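Here is a short report on one protein chain. It takes strands first, then loops and pockets.

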Amino acid sequence: MQNSLAVQVPRDLLDPLITDLPVIDPEGLVSIILIWSQGQITDIKPFKPSNNVSLPLAISPLLDPHTHIDKSYSSKIELSNYGMSQSLLVNTIEHSFRTRSILEKRINYSLNLAWCQGVRGIRTHVDTLSPAGRLTWEVLQDLRLQWIDRLALQLVALAPLPYWITDKGFDLASKVVRSGGLLGGILGPPYSKSLYAKDDVLKFLYLAQSLNCSVDLHIDESSAEPGTGVRLITSIMERCKFDISIACSHTSSMGLLSIKDCRELSNRMAAVNLQVISLPWTNFWLLGRQEQATPVMRPIAPIYQLQAAGVNICIGSDNMQDAWFPMGSFDIIKLMCFSIWVTHLTPWSRQGLSLFTTAPSRLMGLEWDGVFRIGAPADILIFDCQTWQSLFSEFPRRRMLRRGQWD
């Protein structure tokens, strides 16, 4: 049995090979009829309006390529207001009180919240060397399997780069790879105290290459020494040509480079296939803080310049109501709205929309890129509004069609 639905969708989320479509409206939307059967799209036809019918706005389900879901909803707002050092202390204390029951309740709540708001995939980073690191990884693995038919959950094992090149680090990396995880670490200032940073990064990447494991690093989450970590990774990749996926999360301080230096580094990054995840929520909250002064310079990844160079870049939530960031609710639409203000990139343009749809899908290596085409999943996120302006002004009710079934 076939089912059908008339909606407005962004032209950039429609198969480019489909040509018999109505005229694109000023918001980049096209009126179509999606037809599906047995959970897959079987046809896409142009919608011919009659009597000025207004169709609902619809997009493909969204992705969150960088979170710390095990920490979500773990801290009160008054404990998340003092910058990096205080956040680190509160984070450490929270880890010492973890139990399986607490973790399962908190993570399940977060996954269900994301799922209900139209998220189809999440990548999360785990502090694997914390007091509860092993327990946290085990709980996340169990929940990943429980949720596998609803939501793709990717786990990144986060540890200091020097640890990975020890015997214990190699054993842990092997276990991570066997469980389908990724390797992660932190590369940031002060680089002057990290005399062996280059050697650590090189050995870490050789380890990941030997295990055929993708990498996702926290890089340059700072307003100091702009772009130093990304430049280091890029120069290593230019020499060694590692054949693994490498994501650079944050890349905040790169945005403080001069336009010329930023453009040159972006081109080099594109040439070695580095990918970037910008995290404006937490970066705007933590970075650039000054005592009794409102900061006017907030470091953020130079999204426009990176896109122009051909770097695959997307935007993620990062932290949610934990020691590092006091707000958030796994609502990617609200993150998209915030990102419009701070990046000047809009979802009615291909560059702005890709940050939350096709780009994170490519980064996460998912089977479906989020583009509606014949044979794609009948997964559709529909809003009770007709325009982008209404979506970001009113945050209307949403509905989800998943595998051809209404939630």
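## Strand E2 and its partners

Strand E2 spans residues 29-37 and is mostly covered, with seven of its nine residues buried. The model is predicted. Strand E1, residues 3-10, pairs with E2 in the antiparallel sense over eight bridges. In this pairing, Pro10 stands opposite Leu29 of E2.

E2 also pairs with strand E3, residues 40-46. That pairing is antiparallel too, and it has six bridges. Ser37 faces Gln40 of E3 across the pair. E2 and E3 form a hairpin with two residues between them. In the turn, Gln38 has a positive phi of about 50°.

## Strand E6 and its partners

Strand E6 covers residues 119-127 and is mostly covered: nine of its nine residues are buried. Strand E5, residues 62-67, runs parallel to E6 and is joined to it by four bridges. Here Asp64 stands opposite Ile122 of E6.

E6 pairs with E7 as well, again in the parallel sense, over seven bridges. Asp127 stands opposite Leu158 of E7 in this pairing. Strands of a sheet pair through backbone hydrogen bonds, and the pairing can be parallel or antiparallel.

## An open four-stranded sheet

Four strands form an open sheet in the order E4-E13-E14-E15, with antiparallel pairing. Strand E4 (58-59) and strand E15 (405-406) stand at the edges. Each has a single partner strand, so one side of each is left without a neighbour in the sheet.

Strand E13, residues 380-383, is joined to E14 by four bridges, and the two run antiparallel. Ile380 has Leu401 of E14 as its bridge partner.

## Two positive-phi loop residues

Which loop holds Asn212? Asn212 lies between H6 and E9. Phi of Asn212 is near 55°, a positive value in a residue other than glycine. Asn212 counts as exposed because its relative accessibility is 62%, and the cut-off for exposed is over 50%.

Phe330 is in the loop between strand E12 (313-315) and helix H11 (332-343). Its phi is near 65°, a positive value in a residue other than glycine. Is Phe330 buried or exposed? Phe330 counts as buried, because its relative accessibility is 2% and the cut-off for buried is under 20%.

## Helix H6 and the annotated span

Gln209 is found in helix H6. Gln209 is partly exposed, at a relative accessible area of 28%. Along the chain, Gln209 and Glu94 are 115 residues apart. Their C-alpha atoms are separated by 34 Å.

An unreviewed UniProt entry carries the annotation "domain: Amidohydrolase" for residues 201-384. In the model, that span is 40% helix and 11% strand. Its end C-alpha atoms lie 48 Å apart.

## The largest pocket

The largest pocket has a volume of about 950 Å³. It is lined by 39 residues. Nearest its centre lie Leu88, Ile186, His218, Glu221 and Trp324. Several elements give two or more residues to this lining: helix H1 (83-96), helix H4 (161-164), strand E8 (182-187), helix H6 (197-210) and strand E9 (215-219).

H1 supplies the largest share of the lining of the largest pocket, three residues. By class, this lining has 20 nonpolar, 12 polar and seven charged residues.

## The second largest pocket

About 680 Å³ of space lies in the second largest pocket. Of its 27 lining residues, Arg120, Ile148, Ala152, Asp379 and Arg403 are the closest to its centre. Strand E7 (152-158) and strand E14 (398-402) each supply at least two lining residues. E7 gives the largest share, four residues.

The residues of this lining divide into 12 nonpolar, five polar and 10 charged. Which domains contribute to it? The lining draws at least three residues from each of domain 1 (3-60 + 371-406) and domain 2 (62-364).

Methods:
Residues are numbered from 1 along each chain as its sequence is written. This is a predicted model: local features need pLDDT of at least 70, side-chain atom pairs count only at pLDDT 80 or more; totals for chains, interfaces and linings use all residues. Side-chain values use heavy atoms; hydrogens and water are left out. UniProt positions are given in the numbering used here, feature names are shortened, and annotations may be inferred rather than shown by experiment. On a 1 Å grid over the protein atoms alone, a cavity is a set of points where a 1.4 Å probe fits but cannot get out, and a pocket is an open set with protein on both sides within 12 Å along at least five of seven lines; lining residues have an atom within 4 Å of a point. Grid points are joined across faces, edges and corners, and a volume is the space filled by probe spheres set on the points. Ala, Val, Leu, Ile, Met, Phe, Trp, Tyr, Cys and Pro count as nonpolar, Asp, Glu, Lys and Arg as charged, and the others, Gly among them, as polar. Domain bounds come from an automatic or database domain assignment. Two strands pair if DSSP finds at least two bridges between them. Buried means under 20% relative accessible area, exposed over 50%, partly exposed in between (1.4 Å probe, protein chains only).
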